[in-house]
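Please look over the sequence and the model before reading on.

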Amino acid sequence: MNTDLYKIYHRVRPLYCPVLLIAIWGYTSIFHPDFLKITNLFIILRQSSYLGILALAMSITVIVGGIDFSIAATAALSSTICVMLMNFHVPAAAAVVLGMLAAVFCGLLNGIILSFTVLEPYYITIGTMTLFFCGASIIKSTFPSQVLSNEFSFIGKGYVGPVPAAVLLLFLIYVIMSVILNHTYYGRYLFALGSNPTGLAFIGISTRKYKTFAYVLAAFLAGIAGIILTSRNNYVNTTQDFSYIVDAIFAITLGGVRFQGNNPRISGIFLGSLLLCVISKCLNSFGISVLIQDMICCLLFLFTIAADNYCKRN
């Protein structure tokens with residue numbers, strides 16, 4: 001009986017987010033017909049681009065058996081450095097490259113510390129999160145934080161035909177990451193690192209190398225997410241980014257990523273982040289307060305965890 005339950009749940013689990021998305025979208029469109037318009041879909045996708053990429057970054061560190069609480073701080077620091085350089089009249093393209101290098105350095109710092117010590121990633125990344133947030137806040141308070149470059153603003157606000165540039169970038173990143181994780185030996189080693197690190201080391205694969213690679217890759221994605229958000233808002237905001245860490249954890253959990261280790265679907269991570277944005281948009285259309293929205297998302301998160309753990313345990 002328990003085996004049958006697990007098989008049924010294993011088959012139904014990938015439909016969890018799509019069914020919820022269709023139900024919420026359909027219910028909201030009954031009262032707000034504009035909710036079904038393609039323009040509204042593009043708006044929601046553009047708003048979810050930051051969270052979608054940040055959730056993907058978080059999932060990579062979870063896949064290798066860790067976690068990175070500093071990804072939002074990495075996004076804030078890289079975008080702050082990028083805006084600071086543009087205010088010193090550095091070309092937008094060069095400023096973006098240097099901002100991304102700062103994000104890579106943040107990931108490299110996390111990866112080296114975690115690879116060469118036996119410390120838990122929770123402690124290390126909470127410490128680096130504080131370090132990166134403080135660095136971003138110092139830069140923001142010292143230099144102008146307003147974005148003055150039209151080329152930079154195009155990343156978050158521009159359109160390529162009828163499609164927002166941020167949405168195209170979001171899809172491109174998910175396609176590339178799907179190929180890397182599912183069709184290259186780098187991806188296979190990352191999954192093996194999370195499920196069986198001893199076996200990986202036994203066949204001569206450097207676990208330190210691939211753990212560092214995972215955190216650098218996550219930080220790189222976080223840097224892209226930060227640049228998208230800053231270019232959309234036209235200014236750097238380091239005070240609200242902490243809440244995105246919780247949202248990223250919610251999104252990957254809804255999308256099927258388990259902290260006990262599994263082989264998640266990349267599409268599930270995207271749908272999990274999209275689901276959170278659709279819930280927020282739906283509840284906003286009915287005039288429900290942000291606090292109630294947070295409570296509903298938390299209850300959904302707790303239900304998902306309980307269902308996943310119950311079916312796995314039994």
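## The second largest cavity

Helix H4 gives the most to the lining of the second largest cavity, with three residues. The model is predicted: local features need pLDDT of at least 70, side-chain atom pairs count only at pLDDT 80 or more, and totals for chains, interfaces and linings use all residues. Residues are numbered from 1 along each chain as its sequence is written, and side-chain values use heavy atoms, with hydrogens and water left out. Helices are DSSP runs of H or I with at least four residues, numbered from the N terminus.

A search of the whole structure finds two cavities of 30 Å³ or more. On a 1 Å grid over the protein atoms alone, a cavity is a set of points where a 1.4 Å probe fits but cannot get out, and lining residues have an atom within 4 Å of a point. Grid points are joined across faces, edges and corners, and a volume is the space filled by probe spheres set on the points. The second largest cavity has a volume of about 40 Å³. Its lining consists of Thr80, Val83, Met84, Ile139, Lys140, Phe143, Pro144, Ser145 and Val236. Two elements, H4 and helix H6 (121-142), each give two or more residues to this lining. By class, six lining residues are nonpolar, two polar and one charged; Ala, Val, Leu, Ile, Met, Phe, Trp, Tyr, Cys and Pro count as nonpolar, Asp, Glu, Lys and Arg as charged, and the others, Gly among them, as polar.

## Ser78 in helix H4

H4 covers residues 71-87 and contains Ser78. Ser78 has a relative accessible area of 0% and is therefore buried (buried is under 20%, exposed over 50%, partly exposed in between, with a 1.4 Å probe and protein chains only). The side chain of Ser78 reaches the backbone oxygen of Ala75 at 3.1 Å. Leaving aside residues up to four places away in sequence, Ser78 touches Gly99, Ala103 and Gly223, where contact means heavy atoms within 4.5 Å.

## Helix H11

Helix H11 runs over residues 207-233, and its 27 residues should span 39 Å at 1.5 Å a residue; the end C-alpha atoms are 39 Å apart, which agrees. The expected span is 1.5 Å times one less than the number of residues. Because 20 of its 27 residues are buried, H11 is largely enclosed by the rest of the structure. Just after H11, Asn234 takes a positive phi of about 70°.

The largest pocket has a volume of about 680 Å³; a pocket is an open set of points with protein on both sides within 12 Å along at least five of seven lines. The pocket is lined by 20 residues, and Tyr244, Asp247, Leu276, Ser280 and Gln293 lie nearest its centre. Ten lining residues are nonpolar, six polar and four charged. At least two residues of the lining come from each of helix H3 (38-63), helix H12 (243-254), helix H13 (266-285) and helix H14 (290-313).

H13 supplies the largest share, six residues. From first C-alpha to last, the 20 residues of H13 reach 29 Å, close to the 28 Å expected at 1.5 Å a residue. With 14 of those 20 residues buried, H13 is largely enclosed by the rest of the structure.

## Leu41 in helix H3

Leu41 is found in H3 and is partly exposed, with a relative accessible area of 27%. Leu41 and Phe171 are 130 residues apart along the chain, and their C-alpha atoms are separated by 14 Å.

Technical notes. A polar contact is a pair of N or O atoms within 3.5 Å; within protein, one must be able to donate a hydrogen and the other to accept it, and residues adjacent in sequence count only if both atoms are side-chain atoms.
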